[in-house]
Amino acid sequence: MASVTSLTASVHQRLADALSAALPEAGSADPLLRRSDRADYQANGILALAKKLKGNPRELATQVVSGITAPDLIKDIEVSGPGFLNITVTDKAITENLAARSADGERLGVPYAADAGTTVIDYAQPNVAKEMHVGHLRNSVIGDSVVQILEFTGEKVVRRHHIGDWGTQFGMLVQYLIEHPDELGHKAAEGDEAGEEAMSSLNRVYKASRTLFDSDEEFKTRARRRVVDLQAGDPETLAIWQRFVDESKVYFYSVFDKLDVEIHDEDIVGESGYNDMLADTCRMLEESGVAVRSNGALCVFFDDVKGPDGNPSPLIVQKSDGGFGYAATDLSAIRDRVFNLKADTLLYVVDARQSLHFKMVFETARRAGWLTENVKAVQLGFGTVLGKDGKPFKTREGETVRLIDLLDEAIDRASAIVREKAQDLSDEEIAERGTQVGIGAVKYADLSTSATRDYKFDLDQMVSLNGDTSVYLQYAYARIQSILRKAEGVSPKAHPELELADAERALGLHLDQFAETVAEVAAEYAPHKLAAYLYQLASLYTTFYDKCPVIKPKPPQDVAENRLFLCDITARTLHQGMALLGIRTPERL
């Protein structure tokens, strides 16, 4: 189906046409239309235009109004103050617009972006042989939501999980496993148990190898030699290193599964995936003059980046001992993503504290000609998860919080609330809903905050039925589903001929903004704006539900059908919007 033109766009076009007709010399002037609490919309563009043309704004506004004839769309236009236009649309236009959105299936009138391209998004980047902690929450949740939103708008999205699977620590781990071959492995087949066993096994090997490395000089020497073997591609060493990667993936998948974030094996391309490109990357940078040798290291210098001593602080691509730094890997990844994956946007969901590193990497890639005016690189930097005390989130012992523990506690809290509210749910259904509500609560608390800001992790607030929480939205959705089930003899049906109550108008006008909100959210990589839209939608629905009876006391048949239609499209918009955030909406709660 063709995309649905929003009421905002329709009104905007009528005003723009009237402006052009009244003042041809103004060209294609923008009426500056926005939603208003004085009417449905307010247009402020005439003030600036009148000033530019040295005319009287009220007279110009009156002239523009006289040229607008759109009785099916516009109910009333009032010239207000020095030359504002207050515009009210017809009830019929609202209902017809919603009917067109409803007929568009799950897309609900959201068009595919005209300028869709290919985005490679780098997110969800845990480290091999290490536990995932609270710091891994944001890049996974934000990245997953941005993927859903971009794909919904028609963008081709290539996922990349740049896991930490290379480095000197693997010499220590591999050497230990060669000398203690039975230490690594798990027995459970799949799921949480397999993940826990895998991580337990990896932790045991890591701690034992670290203890030996710190206390036994001969082992330390053997471990360092093993690093050389690993980097040289020794088959035995690589085979054992691969065991660590595979065992870690069992653990990663169990955590991501609980977080309800879909990860595919082919999208995991860790640091090791670029090893064969590192030498070429350095050669190309040096030959082009982008990088220069400084004290034996290959460096890229920047006029505006200096160290604490005031001297230039370069990006080190290759160390003086010949080893490659993170920069070489990141620059090689850019080459791969631009030239092999044909990306026109590279999006990195990475901690904001790494912004200087990525600024230098992106600028180096531009100088090298790998990033051009047709290929942009963006860091979607995110803030820190804080405890209730406003400090970085730690356990009582001062340790970093394990991500799996945090998720389990959220599920336990949510399950208790679902059990308390449940009327006709089995224990199995309560467990399923508890997981959906708990994980949704964690995700929404993250996504409803602007990515760049820090936020406090407060489970009491997250699982509250009141306020800006996913639980409030999920219960709004479940309440509508209950109404739809109970509406015997009445089906959702739009009736454009009916007058709408104020609460119906407010709900309808907000539903009309879904497509524009999704487009804005996709363009800005801003899931928090979608969360804010959905919270307002649920709030407007609550007001509508309180003021406009749907079933009891039963209104006239046509009014009941129209109100049920408003319930239905609200539910579908909540469901689709929450899905774009990566959050489930249970039918019953």
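Q: In this predicted model, at what angle do helix α6 and helix α9 pack, and how far apart are their axes?
A: Helix α6, residues 169–179, packs against helix α9, residues 235–258, at an angle of about 100°, and the two axes are 10 Å apart. Since angles of 65 to 115 degrees count as roughly perpendicular, α6 is roughly perpendicular to α9.

Q: Which residues of α6 and α9 meet?
A: From α6 the contributors are Phe170, Leu173, Val174, Leu177 and Ile178, and they meet Glu236, Thr237, Ile240, Trp241, Arg243 and Phe244 of α9. Sorted by class, this contact of α6 with α9 holds 8 nonpolar residues, together with 1 polar and 2 charged ones.

Q: Turning to a single side chain, is Leu473 buried or exposed?
A: The reading rests on relative accessible area, where a value under 20% means buried. Leu473, which is found in helix α16 (residues 470–486), counts as buried because its relative accessibility is 1%.

Q: Which residues does Leu473 touch, leaving aside those up to four places away in sequence?
A: With those sequence neighbours set aside, Leu473 touches Tyr444, Leu534, Tyr535, Ala538, Leu574 and Met578.

Q: In what order do the 4 strands of the open parallel sheet lie?
A: The order is β6-β5-β10-β11, and the pairing is parallel. At the edges stand β6 (156–160) and β11 (376–382), each of which pairs on one side only. Between neighbouring strands of this sheet the average turn is 20°, with direction ignored.

Q: How many bridges join β10 to β11, and what is the bridge partner of Thr345 in β11?
A: Strand β10, residues 345–351, is joined to β11 by 7 bridges, and the two strands run parallel. Thr345 has Lys376 in β11 as its bridge partner. Helix α11 (residues 326–340) packs on this sheet, where it touches β5 (118–122), β6 and β10, and the direction of α11 makes about 145° with that of β10.

Q: What is the strand order in the open sheet of 3 strands, and is its pairing parallel or antiparallel?
A: Here the order is β7-β8-β9, and the pairing is antiparallel. The edge strands are β7 (292–294) and β9 (315–318), each pairing on one side only, and neighbouring strands of this sheet are turned by 50° against each other on average, direction ignored. Strand β8, residues 297–300, pairs with β7 in the antiparallel sense over 3 bridges, and Ala297 in β8 is the bridge partner of Ser294. Helix α12 (residues 355–367) lies across β8 and β9, running at about 65° to β9.

Q: How many disulfides does a search of the whole structure find?
A: A disulfide requires two cysteine sulfur atoms within 2.5 Å, and the search of the whole structure finds 0 disulfides. For Cys282, which is in no disulfide, the nearest cysteine sulfur is that of Cys299, 11 Å away. Cys282 is buried, its relative accessible area being 4%. Cys548 is likewise in no disulfide, the nearest cysteine sulfur being that of Cys567 at 9.5 Å, and Cys548 counts as buried because its relative accessibility is 2%.

How values were computed
Residues are numbered from 1 along each chain as its sequence is written. This is a predicted model: local features need pLDDT of at least 70, side-chain atom pairs count only at pLDDT 80 or more; totals for chains, interfaces and linings use all residues. Side-chain values use heavy atoms; hydrogens and water are left out. Axes are lines fitted to C-alpha atoms, for helices over the stretch in contact, and angles run from 0 to 180 degrees between N-to-C directions. Angles under 35 degrees count as roughly parallel, over 145 as roughly antiparallel, 65 to 115 as roughly perpendicular and the rest as oblique. Contact means heavy atoms within 4.5 Å. Ala, Val, Leu, Ile, Met, Phe, Trp, Tyr, Cys and Pro count as nonpolar, Asp, Glu, Lys and Arg as charged, and the others, Gly among them, as polar. Buried means under 20% relative accessible area, exposed over 50%, partly exposed in between (1.4 Å probe, protein chains only). Two strands pair if DSSP finds at least two bridges between them.
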